[in-house]
Amino acid sequence: MPSLNEIRATYLNFFAADGHEKVHSAPLVPQNDPSLLFVNAGMVPFKDYFTGASKPPYPRATSSQKCVRAGGKHNDLDNVGYTARHLTFFEMLGNFSFGDYFKEHAIDRAWKLVTQEFGLDAKRLLVTVYIDDDEAAAIWKKVTGFGDDKIIRIAGSDNFWAMGDSGPCGPCTEIFWDHGDKIPGGPPGSPDEDGDRYVEIWNNVFMQFEKENDQIVRTLPKPSVDTGMGLERMTTVLQGVHSVFETDLFKTLIAASEDATSTKSDGERAASHRVIADHLRSSSFLIADGVTPSNEGRGYVLRRIMRRAMRHAHLLGAADPLMHRLVPTLVAQMGDAYPELARAQPFIEDTLKQEEVRFRTTLGRGMALFDTAVQGFKPGDMLDGQTAFTLSDTYGFPLDLTQDEARRRGFSVNVDGFESAMAEQRQRSREHWKGSGQTANTNEWLAIRDRMGPTVFNGYDAIEGSGEV
Ligand code: ATP
Ligand code: MG
Ligand code: MG
Ligand code: MG
């Protein structure tokens, strides 16, 4: 049974043998797109080659790109620990053609890799194409021998990709694996497609047209290909398991977290161990790429991820800071493929430890406040907004941490109430400062506070617009 590290190498070598330049992952902080929170797809570092803004040094490339989807347009944070297929940090394997090969070669290679190199059973695979992409459908038919029932036409945006309102765009084709009828969920395009039975493993995007102001205005003279395969998802398939958390890498990380907390990953605790293992990866890789916890922007997303993991460590009864103790296991697993992770190990450990020491000074008291507030609650009840706000403002609980805890117990949080409590508190501080006799500096301070709130930041949801497969 191949390990995750071997599967990554197989993919990259397969495409290198087909004339693709092997390119190391770009950092998680986008170098060429300030509107994007984190790199969330393999194509992001190559964007300028696809738009024509710069000339690619090679016609084909292959990479395993670090991706974080925890904020902005693609936010999988709430899914983690609860679905079999979502992580906040994952590796996206990709092969890219910059005006070189197109649909025929991409589909032919994809099928060879999946069925010959990886040896998957064609009976358990199915594919989707964009509703009017007759060309892709015909190629799939020829290459696989599938009937129309296994080449599903999809009308929605899942199968049509665009870089933004302007720029390259085109149809996608996606490959799905059937994990079997014991798992709930329907095939793509059916009403229960969000279940975990049919899992999307690979997306191939055919950049064929160009948009201006959201209208397709021309056909690209040299169309391109951009693909993304989730390494962890492919690993589940090849290791004969269903959930990404059952793969070799995650089993090792979860074993380390079991060891460090002297608990087993079973029953109610299983989700905590999964969240810890996932968030350990996203936090460590973000810190290695220079993000530090703070109350704004990228640093605030990192803080939310870290504190959520720390909340789960507390739930497992960890008496001392936990996260930094798991870093050596992560580095042992992933440091060869990502030397930047190994180099940053001491810094990652320090950053995690400091944050956990700091958060633990308020975590216990915040949890006590939460427990008191939900006393006598029945499933479906809603925590009031003022308490959620106090938890955020005084105890350093980001709203989504409170929501995660509420969800775990079958409750929800009054988000409108939270927002109005926050607005009231801003108004109060504004009035308070009015009387202070100062002007210039306080105005500046209030502007910053208005922009950020005391500990809450959610501005990126509004501005992020591009960059995904
Ligand atoms: P899904 O529909 O399952 O959420 P997606 O359509 O959002 O996936 P794409 O944007 O097409 O995913 O990304 C390309 C590939 O990256 C997917 O086919 C999948 O294998 C992988 N992938 C996407 N999101 C995640 C995630 N949160 N965790 C792990 N792998 C992921
Ligand atoms: Mg998704
Ligand atoms: Mg999808
Ligand atoms: Mg997709």
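The model is predicted: local features need pLDDT of at least 70, side-chain atom pairs count only at pLDDT 80 or more, and totals for chains, interfaces and linings use all residues. Residues are numbered from 1 along each chain as its sequence is written, while chains are lettered from A and ligands numbered from 1 in the order in which they are written.

Around ligand 1 lie 18 residues, of which D76, F90, N203, G228 and G230 come nearest (a residue is near a molecule if its C-beta atom, placed from the backbone, lies within 6 Å of it). Strand β8 (198-212) is among the elements that give two or more residues to this shell, and β8 supplies the largest share, four residues. Helices (H or I, at least four residues) and strands (E, at least two) are DSSP runs, numbered from the N terminus.

Strand β8 also has partners on the strand level, where pairing requires that DSSP finds at least two bridges. With β7 (residues 167-178), β8 pairs in the antiparallel sense over 10 bridges; here W202 of β8 is the bridge partner of I175. Another 10 bridges join β8 to β9, again antiparallel, and T219 in β9 is the bridge partner of F209. Two residues sit between the strands in the hairpin of β8 and β9, where N213 takes a positive phi near 45°.

Turning to the helices, the axes of α9 (residues 323-334) and α11 (residues 345-373) come within 8 Å and cross at roughly 155° (axes are lines fitted to C-alpha atoms, for helices over the stretch in contact, and angles run from 0 to 180 degrees between N-to-C directions). Therefore α9 is roughly antiparallel to α11, a label for angles over 145 degrees.

Notes: Parallel < 35°, antiparallel > 145°, perpendicular 65-115°, else oblique.
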